[in-house]
Amino acid sequence: MKLLELRGLVASVDEKQILNGIDLTVNAGEVHAIMGPNGSGKSTLSNVLAGRDGYSVTTGDMELMGAPVNGMSVEDRALSGLFLGFQHPIEIPGVTNMEFLKVAIDSHRISVGEEEMNTRDFMVQVREISKRLELSTEFLKRFVNVGFSGGEKKRNEILQLMLLQPKLAFLDETDSGLDVDALQVVARGINEFRSDDNGVVLVTHYQRLLNYVNVDFVHIMVNGAIVKSGDAQLAHEVETQGYAGLGEA
Amino acid sequence: MTVAQAVGSTHGDLLNRVLAQEVRETPWLDRTASRTALNSNGFPLPWKGRWQYSDFLTLVEGALELSETSDSLESSHDVEVRRLDQPENGGQMVELGSSESLGDFPLLDINGLLFRSGTKLLATTKTAHATVSDAAGSVDRHLMSVAQNACLNVEERFESGNRISLCHLRDDATLNYELTMPKNDGVGYHCLVVWLAEGSTLNLHLASKGSKIRRNDVIVNVMGERARATLSGGWLVDGNDHLDTQVYMNHRVGNSHSEQSFHGVVDNRARSVFSGFIRIDRGASASEAHLTNRNIALSPQSRAHAQPELEIYTDDVICSHGATTGQLDDDSLFLMRSRGIDEESARAMLTKGFLRQVVHSEGGTSLLDL
């Protein structure tokens, strides 16, 4: 099943064109990595996909789960199966992680005609995932990302991913700011999540996350376009030759 | 007739009505201080200064219509209680009426002339508790004294009417005061005045919704060293409601500490006003005073006015104040929506979260549905 299809996607931020024609297809069961230098448009792609205000598609096609995305609200994209992992997870003072997660999962269930999740089942599930991610259950009582370390914020993103079980996870620099231990925990979460029924796109600067997560495809993004695609070997080439050696210059 | 003359004549008529309506049934109460203050100060100019945003004259007219007596002390524990309507208490209630005028607070003096209900509470233990309910339709006045080393917990609900509570804390006393003000269609004036002696502690927590016109003054006089005042709370004002909250924090003596943190939300066509005035008197060195007020306006027609003010007449103090008015955070909204939460629910959660940062009392969270 095609989870994501981009054809000639051109997009702008505040009327400045950043994406210059992206073609990308992600099928169920695949893990892709999009690599590129700073300013290449990786985060713009994430935001365009999620439907963030201020990011607009000029031309090209964008389909999620086989349906055109343009015109869909941010929440409808999420409910159709898209999950955006944030490069800089946002803090929400006053809203506890627990209620945030509960409302999020209930929104997903209600959208497919199911009832809200039983609180006890929810607690059991959240505690179990937290344990796997080495997150204390104290985190659940705290306000979303407030006072969390960088590693804790990223693990919190993976917690949301594992709870919501989207069809397509688009993780924007989830590895940035992580020490080796946290990186391994995050990678373990991604590996546990991946399956034949879903897809993962890892957006990253560096190859190091790919030491822990096996990817099927690597795409190099430079100046708002994918300039080269290949298998995991391509990530190693980036590591040795830099982006310049792959066509940036 | 000029506008000034017209205003002057309205003022004069209203002032005369207030003076004529002075309550005479309690001759043992000396209301002279209030009468003298009103006679010499007159009424403030409407829509100026402290009354820039709230209709002073409507509040005065509202007070003139309140002719009922009430017993608003719902319950108490470990508190010595005297009620104004019990004639045998007459001689004991003198202080309720003769408290000196606080100067430029005309509604306080109007209350001083017109109140016909009230209580005098004395707490001498560490387990004192009083619950004060709404007293719609009446002008009432409460005098609360907390003895040395004692602790009084007060839960008060106020909806409309005209009420003053005067609280005296002796050395090392503690007053924990929770004030909730539910939504109401009427007009209301509420004023809490606190005097803090050496080493005493005030913890005031308020949660409010709006009414047609609601003014809430809080006056804290820090009279002794090591005294601490912590004021916190929030409000949610919607519809066409109006809520004007004004805090006057007067550090008369140094080596004292005050902290204020208030969050307000306005929606629809509502208006909120917050004025936070901190004054550090000459000689009150080593005072520390902080104030933050954050407001969120949810609709384009809503208005939140915030006015923090500092007046410092001495050196060696630590003071900060700040106020912001804005909208819900776009990034937070985006995060929630990107997790499948619809925009309306996300906005509601963020609004509650904003208030929950400062409103934590049971009464407050239930009033604001947090």
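Analyst: Let's start with a word we'll need: buried means under 20% relative accessible area, exposed means over 50%, and partly exposed lies in between (1.4 Å probe, protein chains only). Helices (H or I, at least four residues) and strands (E, at least two) are DSSP runs, numbered from the N terminus. This is a predicted model, where local features need pLDDT of at least 70, side-chain atom pairs count only at pLDDT 80 or more, and totals for chains, interfaces and linings use all residues. Residues are numbered from 1 along each chain as its sequence is written, chains are lettered from A and ligands numbered from 1 in the order in which they are written, and side-chain values use heavy atoms, with hydrogens and water left out.

User: Which residues point one way from S9(A), and which the other way?

Analyst: In a regular strand, side chains alternate between the two faces of the sheet. In S9(A), Ala169(A) and Leu171(A) go one way, while the other way go Leu168(A), Phe170(A) and Asp172(A).

User: How many residues of strand S9 of chain A are buried?

Analyst: S9 covers residues 168-172 of chain A. The strand is largely enclosed by the rest of the structure, because the buried count is 5 of the 5 residues.

User: In what order do the 6 strands of the open sheet come?

Analyst: Two strands pair if DSSP finds at least two bridges between them. S6(A) (residues 82-85) runs parallel to S9(A) with 4 bridges, and S9(A) pairs with S10(A) (residues 199-204) in the parallel sense over 5 bridges. Across the whole open sheet the pairing is mixed, and the order in chain A is S6-S9-S10-S3-S11-S12.

User: Which strands stand at the edges?

Analyst: An edge strand here has a single partner strand, so one side of it is left without a neighbour in the sheet. In chain A, those strands are S6 and S12.

User: What angle does the direction of H7(A) make with that of S10(A)?

Analyst: H7(A) packs on the sheet, touching S9 and S10 of chain A; contact means heavy atoms within 4.5 Å. Axes are lines fitted to C-alpha atoms, for helices over the stretch in contact, and angles run from 0 to 180 degrees between N-to-C directions. For H7(A) and S10(A), the angle is about 155°.

User: Within what arc do the buried residues of H8(A) fall?

Analyst: The buried residues of H8 (residues 233-241) of chain A are Leu234(A), Ala235(A) and Val238(A). The arc is that of the directions from the helix axis to the C-beta atoms. These residues line one face of H8(A), because seen down its axis they fall within an arc of 105°.
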